[in-house]
Amino acid sequence: MKNNNNIKPSHFYVVGLNYKKADAETRGKFSLSDEAKSNLLDNARLEGIPSLMAISTCNRTELYGFAEHPFQLISLLCKHSNGTVEDFQRVAYVHKNNEAVAHLFKVGTGMDSQILGDFEIISQVKTGFIAAREKGLTNNYFERLVNSVIQASKRIKNETEISTGATSVSFASVHYILNNVADIKEKNILLFGTGKIGRNTCENLVKHTKNNQITLINRTKDKAQKIAGKFNLIVKDYADLQAEIQNTDVLIVATGAQNPTIDKELLNLKKPLLILDLSIPKNVNENVLDVADVTLVHLDQLSQMTDDTLAKRKEYVPQALAIIEEIKAEFITWTQARKFAPTIHALKAKLEEIKQNELNYQKKKIENFDQDQAEIITSRIIQKITTHFANHLKDEATEVDESIEWIEKVFQIETLTNE
């Protein structure tokens, strides 16, 4: 498509990796902290990337944006994480245009989550988009797409029962504890880290274990106190971590640190200890298994739901996919209309110019020329012609870009596109 700025055409891409091919260690390499995401977006803007959104969770790291080539996004991801291009090529994926759109719909609605129907991911999409918008890295296309995904997520949650049972890793961890720890009401539970996963885990612990011996520790104590006040729990200083671990039966680690915060040096145990590491990158060093009576479970293990909950959820997948297809089709129709609208407007203007020149010519040649009648007839003809072209461009079988190029060439018109 032509434009007046000689800008090379860009495409909408998603580049990323997730739990399906990348293990926890590899996902940890590509994990992006809030600071890293902010720096990445700033870097993207300096490099002329017009729109970009970053998502980084325990199960996936993905960049969605417009670029001339996907390697522009891959390079940004590797630059601002500890991952390499070689690692990326081994486990990652790249989707383009409509495939990238379809992928975001699956991700945002929980259809691509490690735990099917996980609705926590949509908040990550919203947060990612808000961060991109604050950096000036969004456009109308992007905003419409994210709003469509949010709409699909809401409808699936309200119109299906796919969220029945465990809806997140945080619940899955509590589910594991209930099934594997006897007399959980009498056990000491220590939650280290009060980020989003920590908060959700805390809420599920209180709700499902009925345990009033839950202790919270966070590097920033006031954050832990806010959560503890809501549930009437105990808060200890970060300096008390080692002492509290000695007294606990279950340690849940959900910090946002980029390196392990728990290792065997902290474990001077008096009794068996179950450790659940809900962090990406891993925040518990594997060397804790050198200590007798330690059981370590990582979130990848927690996410393998084999009970009736998963089977029940799968029954609603067709209904959820139908909702996605409906809303996605509306979005694609909108994008196609938006894509060819400038060409149709330019075509109409060109035909109007031809019409006016011809009417002026005929008015000089024909005596008693009825200008009003001619205006009515020619305007109707122009409307019918442009409608035919518009219907052609709306047809699913039409190669829109090719047709637009042909129309512009034949009628010698030029349109300016703005993503």
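Residues count as buried when under 20% of their relative area is accessible, exposed when over 50%, and partly exposed in between (1.4 Å probe, protein chains only). The model is predicted, with local features needing pLDDT of at least 70 and side-chain atom pairs counted only at pLDDT 80 or more, while totals for chains, interfaces and linings use all residues. Residues are numbered from 1 along each chain as its sequence is written, and side-chain values use heavy atoms, leaving out hydrogens and water.

Take a salt bridge as a side-chain nitrogen of Lys or Arg within 4 Å of a carboxyl oxygen of Asp or Glu, and the count comes to 19. One of these pairs Glu244 with Lys236 at 4.0 Å, N to O; Glu244 is buried at 16% relative accessibility, whereas Lys236 is partly exposed at 30%.

Elsewhere, salt bridges with shared partners tie Lys20, Arg60, Glu62 and Asp112 into one network. Within that group, Glu62 and Arg60 come to 3.1 Å between their closest N and O atoms, and both ends are buried: Glu62 at 0% and Arg60 at 3%.
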